[in-house]
Amino acid sequence: MGKTPVVRRSGNRFAVNATSAISTKGRMHFMVFTESFTAEVMCRFLDRLAGHFDHKVHLVVDGHFAHPDDVELHFLPPYSPELNPDELVNADLKHSLPKQHQAHDQAELAAEIRRFFHRRQRQPHIVRRYFGGPTVRCVLDENPMSF
């Protein structure tokens, strides 16, 4: 699971954040938000994520903490983004944002980011590729905990 700060400039400075959870089966869940990424925001995302399943969700995360009853977190070692396939989601998002069109305000940027995530949700073959890196190959499609 990752947090993606995105700042685009058009004279004014504004930011939109996104967090996502991806699975080796190609599924993606996300949330776009404008406030800071706090424990409260993370809990809101985890509650939404858990609502999609009728069983406990296991997540591998990169250091932020929250612990709802229906989500179990497994923490990556500190300072190890190379172990986190969701970092590739962040890079893909930043690369995929339109180069010619710059968002004029926060709402427009949030809409662009949501379009990216909705597109990726319909492209599980691309989401599965995020797990293809040499440092994350230990996560297998046969993993019974993958959603």
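Q: Where does Ser20 sit?
A: Ser20 is in strand β2; strands here are DSSP E runs of at least two residues and helices are H or I runs of at least four, numbered from the N terminus. This is a predicted model, in which local features need pLDDT of at least 70 and side-chain atom pairs count only at pLDDT 80 or more, while totals for chains, interfaces and linings use all residues. Residues are numbered from 1 along each chain as its sequence is written, and side-chain values use heavy atoms, with hydrogens and water left out.

Q: Is Ser20 buried or exposed?
A: Ser20 counts as buried because its relative accessibility is 0%. Buried means under 20% relative accessible area, exposed over 50%, and partly exposed in between, with a 1.4 Å probe and protein chains only.

Q: Which residue does the side chain of Ser20 contact?
A: The side chain of Ser20 makes a polar contact of 2.9 Å with that of Asp86. Such a contact is a pair of N or O atoms within 3.5 Å; within protein, one must be able to donate a hydrogen and the other to accept it, and residues adjacent in sequence count only if both atoms are side-chain atoms.

Q: And where is Asp86?
A: Asp86 belongs to helix α2, and at 0% relative accessibility Asp86 is buried as well. The C-alpha atoms of Asp86 and Ile22 are 6.8 Å apart, although 64 residues separate the two in sequence.

Q: Which residues of α2 are buried?
A: They are Asp86, Val89, Asn90, Asp92 and Leu93. These residues lie on the same side of α2 because they cover an arc of only 165° around the axis, the arc being that of the directions from the helix axis to the C-beta atoms.

Q: Back to β2: in what sense does it pair with β3?
A: Strands β2 and β3 (residues 28-33) pair in the antiparallel sense over six bridges; two strands pair if DSSP finds at least two bridges between them. Ile22 has Met28 in β3 as its bridge partner. The hairpin of β2 and β3 has five residues between the strands, and Gly26 takes a positive phi near 95° there.

Q: What is the phi of Tyr79?
A: Phi of Tyr79 is near 55°, a positive value in a residue other than glycine. Tyr79 is in the loop between β5 (71-75) and α2 (86-96), and Tyr79 is exposed, with a relative accessible area of 82%.

Q: Changing topic, how many aromatic pairs are there?
A: The structure holds three aromatic pairs. Rings of Phe, Tyr and Trp (its six-membered ring) pair if their centres lie within 6.5 Å; planes under 30 degrees apart count as stacked, over 60 as edge-to-face and the rest as tilted. One of the pairs is Phe30 with Phe117, which is stacked at 4.7 Å centre to centre and 15° between the planes.

Q: Why does that pair tie together parts 87 residues apart in sequence?
A: Because Phe30 lies in strand β3 and Phe117 in helix α3 (residues 106-121). Phe30 is buried at 13% relative accessibility, and Phe117 is buried at 0%.
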